[in-house]
Amino acid sequence: MAVFKFYAPILDDIKSKGLIPALLHKTNEAVERFTAGLDIEDIRSVLRGDPPPRPNPRVKPHADGFWFHMRPTYYHNLAHGLYPSFRLGWFSVYFFTFEIITGLLLMVFYTPSPLVAYENMLDLLGNVPFGRLLRDLHKLGAELMVIVVLLHMLRTAITGNYKKPRQFTWATGFILLIVTLLLSFSGYLLPWDQLSLWAVTIGASMAEAVQPQVVGDIANLIMRGGPQFNAGGLLRWYLLHVLLLPVVGVVFVGVHYYKVVIHGHSLPPESEPVGEDTAKRVPTDQRTYFMPDVLTKEVLYTILATALLVVASIFFYHAPLEPHADLLVTPLHTTSPWYFLWLQGMLKIGDKFIWGVVIPTIILPGVLTLLPYLEVGPSRRYGDRRVGLTVIMLFMAVMAGLSFMGTPHYLVSSSPDQEVVARLLPQTKPGPLRESDWNELDIASITADNPTGRKAYLASEWASAPTETLRELLRVYDEEMELAADNPKCRAAENCLKDGVGAMIIELWQTDLKKITFRVIWEGGPKDFCQPAAQHEFCQTAYLHRLSNYGQGE
Amino acid sequence: MTWRVIVGTLSLMLTMITLGYVAVTEQDRMANFTASYESRQVEAGAAIFENNCARCHGVEGQGGGRAPALNTIELFNGARLKEIAWAGATDDYVRAAIAGGRPRASASFAANNYPERMPTWGEDFGGPLRKDQVDSLVAFIMNWGVAYANVTPEPVPTVVPVGTDITVELPAGNAENGKKLTEKNGCTACHTGAALVGPAWLTAEATDGKGVGTHAEERYTDAGYTGKATSPEQYLFESIVQPSAFIAPGVDYTLPDGTSKMPAIYSTALDAQNLADIIAYLQTIK
């Protein structure tokens, strides 16, 4: 008797049915097992949009499969289209998934260490095929995810969906908003450029304000990983970004979606009687089955959104990369990311502890979570919610105002002379000078007396400059000088530039390297040229290489 | 349903075409970025140079009373490298000099008597500059070399090692250059001065009042001599390239394993001319 006997049932099938039919049958069986109930013909009919046969096999994946058991078998006709939800919740999950996929790919090329993190960014841009695309996609996806999640929340508030019985859904959604914001913010630090270091430094310095002082000190130490941001801090924020926050996010997406399905997708406010919640009782003639309509739409949204992201990342949007992080150099006009500008604005109002810690972490979340318990009227119709809607609109207006206050335009003391130069030579982006045409930065002819071809231009004489690039740069310079001579802000600070003169000096410093010095003087200025600690003078130097090409969007 | 299929298919095609476009242009884009980053390093290096280096090395690297000139052809045509027998490339030499500094006066500029030592700049060695900043500085300094590019460079020096065979015929030696070489190669650190490690060279420092030249003349004929030299020149040759062949009497110059404390590296580090120069110099110390 043989110890081992080869036995494959398919051989019997092939014998009895023939090769092709047997293989087809086997494939069909495999597909049916994989989809938990749909065979190839069923899938084709779903994609064709045929009416379902009776009994409907398309509900089987919902009952027996893992992925679809989370999705409802059918939606109300009024709740699955772009209106009223704009599918913003679905898009939030899309972006979350998108960020996880692009993020995992980026992790391959990243080491969370201050010694190499920035070099990793340069490698992504200059050494990894599709590296820049990956980085841009991840960054663009992150920005859009914040926008989509905020809009999702706003839409929910406006249509009153947070009302009973969905208060807890709203609370989990609020946690997801926090996770989204923190995910986006923690990702800021990882490239280890100036932008990341200083944005996160602003954030960590708020923790320092927590009272009593000992708690603040510990919170600060935990966030920075030491007295100063360095290897320890970077590693912590990295782990927060790739491990803790995504895990919390996945868990709460689960809870949030579970609550959504339990309560049903709520209908537009005007379509159900006041005080009634009919989402769970969808009449047979009002049903749209998940398969095929909702499924195919979602496949379409996925493909379309991905296509738009890819096209946008290649042709229109590039993630910024500033110079290497430097704890000794604070760039002028550093701000937090746009979605935290309101927080920076609040810090300018008063006490760092009250406005930077208590209100944003206790009062605001408290009010927002309690909102559904405060607005208790049964009606979700706009006409019946004047107070609620007014409060929501006022809240938005206040946030917009605070965000403006967070920008450097509001209540940041600065010297007008520095502002003038920062317009041409900003410290947080390339700016007009670096992006201008190197060859058109005209110098004098090089002679024994003038070995560097040094040539000075006055801002006020911009019209007579020899090249178009210079005329444009000097015109902006002149404009800024006029602004610095008199504006409300400098009048208040009493530091307007009286009798200001702006000069721009260009020299050929090395082969292919020009030195550009901006010299702003006022009230006569000092006698000597650009000496340290001079009165009534501000000098700033920039070096520009012929091939540095700042126009690539980084 | 039809329009969903159409829009979806078109979007998918758009994505694939765009990715294909990236795949085709990616090599150029990466090369462009690398080139522009290198140019930006020159810019950053210029600012660092102005703030940290210009005070001693001159605003345009022309040198001055405090430190040697950097904007000079010797640095870029290989002459400096040859002088100090640096086997690497110029930018590595510049990087090493910046990062590590010059704790001792450089022998190449001993005559200039610069008042200050070159400080250590690299973060790795306790200085203030990060690696990328040192790299930027190197890029800026190397950019001076572009102006000298039309000058035919001397080949990067490759040391043809003299080897350990002491019967090799050496070229005529230059005692003056030999003296410099003993300083550059660190010989004087052990063989002269208060803290002697090896036998004293100088007549004044030797306990028996005889200089290294005299020792060379006497020792190879001594009874206890274990080497193979048949002339004073060969005795010195052997002492340098095979330090353990015969260890001079007097203080114990051996390591625990019985070999000489003198490192056995000079058969590969010196070429024939340098060795001949050193021997010529040593023979003048009687």
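## The interface between chains A and B

Together, chain A and chain B bury about 3700 Å², and 62% of this area lies on carbon and sulfur atoms. The model is a predicted one. In the contact region, 48 residues of chain A meet 41 residues of chain B. The rule for polar contacts finds 18 residue pairs across the interface, both residues having pLDDT 80 or more.

Several elements of chain A give two or more residues to the side that touches chain B. The helices are α3 (40-48), α6 (117-126), α7 (131-158) and α12 (290-315), and the strands are β4 (501-510), β5 (513-521) and β6 (537-545). Helix α12(A) provides the largest share, with 12 residues. By residue type, this side of chain A has 26 nonpolar, 14 polar and eight charged residues.

## Salt bridges between the chains

Four salt bridges are counted between chain A and chain B. One pair in a salt bridge is Lys131(B) and Glu119(A), whose closest N and O atoms are 3.8 Å apart.

How many residues of β5(A) are buried? Nine of the nine are, so the strand is largely enclosed by the rest of the structure. In a regular strand, side chains alternate between the two faces of the sheet. In β5(A), Leu513(A), Lys515(A), Thr517(A), Arg519(A) and Ile521(A) point one way. Lys514(A), Ile516(A), Phe518(A) and Val520(A) point the other way, and the residues of both sets are buried.

Strand β5(A) pairs with β4(A) in the antiparallel sense over nine bridges. Within this pairing, Gln510(A) has Leu513(A) of β5(A) as its bridge partner. The hairpin of β4(A) and β5(A) has two residues between the strands, and Asp512(A) takes a positive phi near 65° there. Strands β5(A) and β6(A) are also antiparallel, and they pair over nine bridges. Here Thr517(A) stands opposite Thr541(A) of β6(A).

## Gln540 in strand β6

Gln540(A) is a residue of strand β6 of chain A. Is Gln540(A) buried or exposed? Its relative accessibility is 18%, and the cut-off for a buried residue is under 20%, so Gln540(A) counts as buried.

Leaving aside residues up to four places away in sequence, Gln540(A) touches Val421(A), Leu425(A), Gln427(A), Ile516(A), Thr517(A) and Phe518(A). Of these contacts, Ile516(A), Thr517(A) and Phe518(A) are residues of β5(A).

## A covered helix in chain B

Helix α8 of chain B spans residues 212-219 and is mostly covered, with six of its eight residues buried. The buried residues are Val212(B), Gly213(B), Thr214(B), His215(B), Ala216(B) and Arg219(B). They pack against two other helices of chain B, α9 (232-241) and α11 (272-284).

## Salt bridges within chain A

Over all chains, the structure holds 34 salt bridges. In helix α2 (residues 19-34) of chain A, Glu29(A) and Lys26(A) are three residues apart, so about one helical turn separates them. Their side chains meet in a salt bridge, with an N to O distance of 3.5 Å. Glu29(A) also forms a salt bridge with Arg33(A), again at 3.5 Å, N to O. Arg33(A) and Glu29(A) are four residues apart in α2, which likewise places them about one helical turn from each other. Glu29(A) is partly exposed at 30% relative accessible area, as is Lys26(A) at 34%, whereas Arg33(A) counts as exposed at 63%.

Another salt bridge joins the side chains of Asp486(A) and Arg491(A), at 2.7 Å from N to O. Asp486(A) is partly exposed, with a relative accessible area of 44%, and Arg491(A) counts as partly exposed at 48%.

Note on methods:
Residues numbered from 1 in each chain as written. Chains lettered and ligands numbered in written order. Predicted model: local features only at pLDDT ≥ 70, side-chain atom pairs only at ≥ 80, totals over all residues. Heavy atoms only, no water. Contact = heavy atoms within 4.5 Å. Buried area = accessible area lost by both parts, 1.4 Å probe. Polar contact = N/O pair within 3.5 Å; in protein donor to acceptor, adjacent residues only side chain to side chain. Nonpolar A, V, L, I, M, F, W, Y, C, P; charged D, E, K, R; others polar. Buried < 20%, exposed > 50% of the residue type's maximum accessible area, 1.4 Å probe, protein only. Pairing = 2+ DSSP bridges.
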